[in-house]
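Hello,

Here is the structure I promised you. Please open it first, then read my notes below.

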Amino acid sequence: MTPGARVAAAITILDQIKAGMVAEQALTSWARASRFAGSKDRAAVRDHVFDVLRARRSLGDGAGRSLMIRLLQRDGEPVETYFDGVGHAPAPLTEAEQVVLSQPLTLGDAAACDLPDWLWPIWQDSLGDAAMPAAVAQQARADVFLRVNRRRGSVTAAIAALAEDQIVAVQHDTIEGCLRVTTNARRIKSAAAYRDGLVELQDAASQFAVAAVSVKKGARVLDYCAGGGGKALAFADRYAAQVFAHDVAPQRMQDIPARAARAKVGITLIQNADLANSGLFDLVFCDAPCSGSGTWRRAPDAKWRLVQTRLDALTNLQQEVIASAAVQVAPGGTLVYATCSVLKPENDGIIAQFLSTYPEWVINLRHQLLPGLDGDGFFLCGLTRR
Ligand SMILES: C[S@@+](CC[C@H](N)C(=O)[O-])C[C@H]1O[C@@H](n2cnc3c(N)ncnc32)[C@H](O)[C@@H]1O
């Protein structure tokens with residue numbers, strides 16, 4: 001596909017998303033219908049679509065064509081070479097379009113920060129002085145981070161193994177065992193280091209969360225909302241602990257046994273019916289379902305799909321989840337409540353509500369990471385019983 005044809009495909013997909021289709025679905029159905037598109041074409045089209053979605057409002061929130069023109073303009077690209085009408089490229093800019101596009105957009109704070117108006121006051125209340133920089137950080141692509149499975153090899157060995165596949169990775173400035181991929185991130189899943197379990201894809205913030213919790217040798221650790229097992233795998237690799245994984249939706253855990261085998265760690269899955277008879281745990285890590293507002297660079301569609309009623313439903317669910325996770329904590333043990341959100345109602349709001357209902361618990365750890373160059377946004381709060 002020519003660069004213009006890729007832009008034309010992105011325009012079609014963006015129009016479908018504007019009409020209500022979920023971004024991933026729109027991209028998948030375009031890829032299925034476009035067998036001629038190679039992997040580089042698919043990646044380029046996806047990049048266009050996601051670049052626009054991260055910055056949809058500040059690009060004028062128009063139709064796909066106008067969004068793509070403004071994206072190329074913003075990035076200093078020669079718009080007319082993509083919009084030349086040759087082959088499958090979009091038609092050249094009309095005179096009217098040229099006039100409109102020569103005028104800068106007038107944007108309020110929420111639009112300039114690419115957030116919905118209803119969310120902007122909540123965002124500001126949650127982040128204070130960091131509201132604008134954290135929102136602006138989510139207008140750009142995020143780096144890809146890897147976690148070195150230290151049972152499989154050292155950081156140096158992982159960097160060298162990745163280099164064999166022309167992937168360049170460097171040690172994260174502050175998180176031990178975390179690598180930032182600087183070249184050829186798209187090749188990770190086909191690289192030998194990944195296939196052999198030497199590295200896992202995991203954001204730096206999630207790695208920080210696992211490292212920030214203290215786990216004694218032999219401790220029983222429960223990843224209460226395990227999903228695909230990212231945190232459970234990290235706990236099992238990092239600590240000499242017995243690691244268990246549970247999720248209310250057990251099908252989400254289906255890949256954990258294979259991932260654990262690849263990483264050479266042991267993780268015991270606990271099904272819903274067995275939870276009550278599985279004993280208590282020294283650490284219950286509750287990575288609750290959330291808006292994902294700290295990770296919107298990676299899933300920008302979610303930013304525009306979040307509405308107040310959905311946020312309310314999430315906070316109700318989070319209150320239920322933290323209360324049921326607390327029941328699994330052994331005397332003297334720790335409950336960690338975590339989200340990949342930066343919104344106060346999902347974080348400190350949930351903790352405050354929990355403490356007002358269960359005053360025997362006290363906070364012994366709290367971190368709010370913001371989305372930025374060093375990783376995604378993440379919230380983490382440790383609690384122990386008085
Ligand atoms: C943020 S995701 C977990 C991500 C995962 N920890 C990881 O690192 O890959 C939240 C998970 O919580 C699960 N969940 C939702 N309600 C739950 C509940 N009441 N009890 C346990 N898990 C729940 C969801 O099925 C979902 O897989």
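A residue is buried if 20 or more other C-beta atoms lie within 10 Å of its own, exposed if 12 or fewer, and partly exposed in between, with C-beta atoms placed from the backbone. This is a predicted model: local features need pLDDT of at least 70, side-chain atom pairs count only at pLDDT 80 or more, and totals for chains, interfaces and linings use all residues. Numbering starts from 1 along each chain as its sequence is written.

Start with A191. It is buried, because 20 other C-beta atoms lie within 10 Å. A191 sits in the loop between β3 (178-183) and α11 (192-195). Helices (H or I, at least four residues) and strands (E, at least two) are DSSP runs, numbered from the N terminus. Beyond its neighbours within four places in sequence, A191 is in contact with L162, D165 and I167. Contact means that two C-beta atoms, placed from the backbone, lie within 7 Å.

Now helix α2 (residues 23-33). Its buried residues are A23, A26 and L27. Seen down the axis of α2, they fall within an arc of 95 degrees, so they line one face of the helix. That arc is taken from the directions from the helix axis to the C-beta atoms. The face turned away from the buried side carries the exposed residues E24, T28, R32 and A33. What do the buried residues of α2 pack against? They pack against α1 (3-18), α3 (39-54) and α15 (300-305).

Best wishes
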